[in-house]
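Biologist: Before we discuss side chains, could you put the sequence and the coordinates on the screen?

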Amino acid sequence: MPLPDSVLDLIGHTPTMELTRLDSGPCRLFLKLENQNPGGSIKDRVALSMVEQAERDGVLAPGGAIIEATAGNTGLGLALVAAQKGYRLILVVPDKMSREKIFHLRALGAKVLLTRSDVGKGHPAYYQDYARRLAQETPGAFYIDQFNNPANPLAHYRTTAPELWQQMDGRIDAIVVGVGSGGTLGGLRRFFGEVSPGTEFILADPAGSVLADRVEHGTLPAAGSWLVEGIGEDFIPPLSQVEQLTKAYRISDGESFDTARDLLLKEGILAGSSTGTLLAAALRYCREQRTPKRVATFACDSGNKYLSKMFNDDWLRQQGLRQRPTIGDLRDFIAFRHDEGATVFALPDDTLATAHARMRLYDISQLPVLDQGRLVGLIDEWDILTRVRADAGRFALPVSDAMTGDVFTLPKEADEATLLKTFARGHVAVVMDGEQFLGLITRADVLNTWRNRIHS
């Protein structure tokens, strides 16, 4: 292969590897590493295909504007292509998307408009309706419309499917896929229908999506909600052809995240939440088989886009997907417990600059001040603000100069009513076991704990 002179030349040609450290029953399970694309996902292929087709059709003028509705990865692919080709890009993105994706999009020069993720098709804030309306209102804009654009499945028919077929020596018994826009499934089915009609296609669907019901029962129920990003829908994407499938697996958020984390621990592959869904379904399928089969699925995108979410134990606890054993006292409310080494704190001789930087890094507004493990004070943003008073030189002062030394504390045995009264008085709850510091409780910690009680 000649040396590329553009990052766009690196799209596609991703490797496929066999997974050998996960229990696949009598089957051999293969993973095509689409997370190795330059934008980090399988959607790089789709973005390049759709933009180049629009150029050929003459509907995208040089320097023009592209508008799209995206769950993140198509947007990243489009941002990569638009930046290289000199197009403006406006993306409408549901607000459940990870911060890493949004930061990445903006770094590539895309304009990101967040909209609600709790509304369905037909609502003005629904991301596809919003993007379509925006394109109609923006002179000269091209709505790329991945959900109805034939260049979407064409990318997989021309590149993804032939690569996989060649890499597996023309022997694939089953392929496990997810459906977002439907392009991957549509393109793969077209190709394998021509070269290997006996290859079975299995749907991996997030629990709450309507697609599995359509496959199994031909019905279209009301959609639920799910945290996995990029796949699952509340309608049937026209490009997907899911009606032609016969088998589907519903995978919960918890199983998806656990499987993706297992993939990293056991196989060393850092992949995202949709990969966890596909892999969980593929493993279920493999273990159900009575004869050996060669099964393929995809690492759809890179897990580095989800480090603040599915690879963050605290975020999983907030979503009710990680549970500590219930103790029955205030320790149940502490998100970052000191006995687990999770507390973010300051030392008395740390500088105010250090304390402030720590608050910004961890997105918190106060820190306990510990001296050899013993609580000696509390410092918050107001303490730093009043001590510094616009004099940058004072950031070099020690924390002990600005902290509050007279800290109101609660014993771990205090009841919830006392905890709420502490908040009402404007205090953060500092929880103690005698002289031993256990951690802080914020209002958000209480709300998360109460919400998780509902789900448990």
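Modeller: A charge is taken to sit over a ring if NZ of Lys or CZ of Arg is within 6 Å of the ring centre and within 35 degrees of the ring normal. Please keep in mind that this is a predicted model.

Biologist: Over which ring does the charged end of lysine 121 sit, and how far from its centre?

Modeller: The charged end of lysine 121 meets that definition with the ring of phenylalanine 235. Its distance from the centre of this ring is 4.5 Å.

Biologist: Is lysine 101 buried or exposed, and which side chain does its own side chain meet in a polar contact?

Modeller: Lysine 101 belongs to helix H3, which spans residues 99-107. Because buried means under 20% relative accessible area, lysine 101 with its 1% is buried. Its side chain makes a polar contact, at 3.0 Å, with the side chain of glutamate 229.

Biologist: What is the geometry of the ring pair formed by tryptophan 165 and phenylalanine 192?

Modeller: The structure holds 8 aromatic pairs. In the pair of tryptophan 165 and phenylalanine 192 the ring centres lie 5.7 Å apart and the planes stand at 80°, so the arrangement is edge-to-face. The two residues are 27 residues apart, tryptophan 165 in helix H5 and phenylalanine 192 in helix H6. Since planes over 60 degrees apart count that way, the class for this pair is edge-to-face.

Biologist: Which ring does the charged end of arginine 190 sit over?

Modeller: Ring pairs link a cluster that includes Tyr157, Trp165 and Phe192. The charged end of arginine 190 sits 3.7 Å from the centre of one ring, that of tyrosine 157.

Methods. Residues are numbered from 1 along each chain as its sequence is written. This is a predicted model: local features need pLDDT of at least 70, side-chain atom pairs count only at pLDDT 80 or more; totals for chains, interfaces and linings use all residues. Side-chain values use heavy atoms; hydrogens and water are left out. Helices (H or I, at least four residues) and strands (E, at least two) are DSSP runs, numbered from the N terminus. Buried means under 20% relative accessible area, exposed over 50%, partly exposed in between (1.4 Å probe, protein chains only). A polar contact is a pair of N or O atoms within 3.5 Å; within protein, one must be able to donate a hydrogen and the other to accept it, and residues adjacent in sequence count only if both atoms are side-chain atoms. Rings of Phe, Tyr and Trp (its six-membered ring) pair if their centres lie within 6.5 Å; planes under 30 degrees apart count as stacked, over 60 as edge-to-face and the rest as tilted.
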